[in-house]
Amino acid sequence: MEQSQVAEHPHPTAATYLRIAAILTIITVVEVGVFYVPAFHPVMAPILLTLSAVKFVLVVMFYMHLKMDRPFFTFLFGGPFLLAAAVMIALLFLFGVFALGR
Amino acid sequence: MSSAATAHHTSMGLDSRKMAFWAFIGSECLLFGSLISTYLVYQGRSVSGPTPAQILNIPVTSISTFDLLMSSLWMVLALAAVQRGDMKWARIWLLGVAIGGLIFLGFQFYEFSSFVHEGLTLQANLFGATFFVLTGTHGAHVAVGVLWMLTLWVRALQGKLGQEHAITVEIAGLYWHFVDVVWIAIFTLVYLLHK
């Protein structure tokens, strides 16, 4: 096995890590703000789920280094993650959580 | 640990320890997926209180969420320090991660205690059962992470953790960040979108 196949792309710098932390903090503040501002309540679920997904992706891509690591690791994580998400959505439909419209 | 300095590569050219750990994290996705699903399926179906709206403390949980996010930052800074051989800062950041985890657990202990005081127990209703199992399982993962970080910190103090052991710290970091992303999901689905 050639060494080049083993090597990964370099990890982000400390400055990148700090920028990601700042973005994560801002998103968390916005999430809590959305929770408390009544004007957002009709669209609270899609906004919060989107913000949460952005935080999730940022941590996985930059802090867990999937963005610059070998693609097989993305497969090892992404496969079970998508399966878990599919099972979750299926269960919510099966138990009528969406149909209840609460 | 001299073995940690030795490369363990699969025929695919991947580090076998890292590959195994990503597979483990994949299995953890299924575990937490099932626990979160169970919470959501039974959400709003308790026949008696306390209900989430009555009892969840969003300001306190927001602070503990921020604490866990910052501990993830300290974790990557610890890894970066180990990778460049700066063991002084590696020790500082590793201890910071462990303290951040302990603070999170302190918040969780406070939350659980106040909930029990207000009548929410595992047996009280469906909300109590699913909430404590989900957040308790996550808390147990944080506790394991804290022990792991303290172990790395002690090894660094003993001079047994160096630049050549960066992969050991990276794998510990993968675990810590996974615990963080699970909390990102729990914070939104359980706390902010409660019914």
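Chain A of this predicted model contains five helices and zero strands, where helices (H or I, at least four residues) and strands (E, at least two) are DSSP runs numbered from the N terminus. Read from the N terminus on, the elements of chain A follow the order α-α-α-α-α. Residues are numbered from 1 along each chain as its sequence is written, while chains are lettered from A and ligands numbered from 1 in the order in which they are written. Since the model is predicted, local features need pLDDT of at least 70 and side-chain atom pairs count only at pLDDT 80 or more, whereas totals for chains, interfaces and linings use all residues.

Chain B has seven helices and zero strands, and its elements run α-α-α-α-α-α-α from the N terminus on. Taken along the principal axes, the C-alpha atoms of chain B fill a box of roughly 60 × 35 × 20 Å. Of the 195 residues in chain B, 44% are buried, while 25% of the 102 residues of chain A count as buried; a residue is buried if 20 or more other C-beta atoms lie within 10 Å of its own, exposed if 12 or fewer, and partly exposed in between, with C-beta atoms placed from the backbone. Two residues are in contact if their C-beta atoms, placed from the backbone, lie within 7 Å. Among the contacts in chain B with a separation of 6 or more, residues 24 or more positions apart account for 82%, and in chain A the corresponding share is 56%.

The two chains also touch each other. Their contact takes 41 residues from chain A and 39 residues from chain B. On the side of chain A that touches chain B, α1 (3-6), α2 (14-36), α3 (44-63) and α4 (71-94) each supply at least two residues, and the largest share, 14 residues, comes from α4(A). The residues of this side of chain A divide into 31 nonpolar, six polar and four charged, where Ala, Val, Leu, Ile, Met, Phe, Trp, Tyr, Cys and Pro count as nonpolar, Asp, Glu, Lys and Arg as charged, and the others, Gly among them, as polar.

Two packed helices are described by the angle between their axes and the distance between the axes. Here axes are lines fitted to C-alpha atoms, for helices over the stretch in contact, and angles run from 0 to 180 degrees between N-to-C directions. The axes of α3(A) and α7(B) come within 9 Å and cross at roughly 175°, which means that α3(A) is roughly antiparallel to α7(B); angles under 35 degrees count as roughly parallel, over 145 as roughly antiparallel, 65 to 115 as roughly perpendicular and the rest as oblique. Residues of α3(A) in this contact include A:L48, A:F56 and A:Y63, and those of α7(B) include B:H177, B:I184 and B:L192. By class, this contact of α3(A) with α7(B) has 10 nonpolar, three polar and two charged residues.

Within chain B, helix α2 (residues 16-41) and helix α7 (residues 166-192) pack at an angle of about 15°, with their axes 11 Å apart, so α2(B) is roughly parallel to α7(B). The residues of the contact of α2(B) with α7(B) divide into 14 nonpolar, no polar and three charged.

The largest nonpolar core has 72 residues; such a core is a set of buried Ala, Val, Leu, Ile, Met, Phe, Trp, Tyr and Cys residues joined through C-beta atoms within 7 Å. The elements that give two or more residues to this core include α2, α3 and α4 of chain A as well as α7 of chain B, and the largest share of the core, 19 residues, comes from α7(B).

Some single residues complete the picture. B:L79 lies in helix α4 of chain B and is buried, with 26 other C-beta atoms within 10 Å. Leaving aside its neighbours within four places in sequence, B:L79 is in contact with B:A166, B:V169, B:E170 and B:G173.

Most residues other than glycine have a negative phi, and most peptide bonds are trans. A:H65, in the loop between α3 and α4 of chain A, has a positive phi of about 65° although it is not a glycine. The peptide bond from B:G49 to B:P50 is cis, with omega near -5°, and B:P50 is placed in the loop between α2 and α3 (52-55) of chain B.
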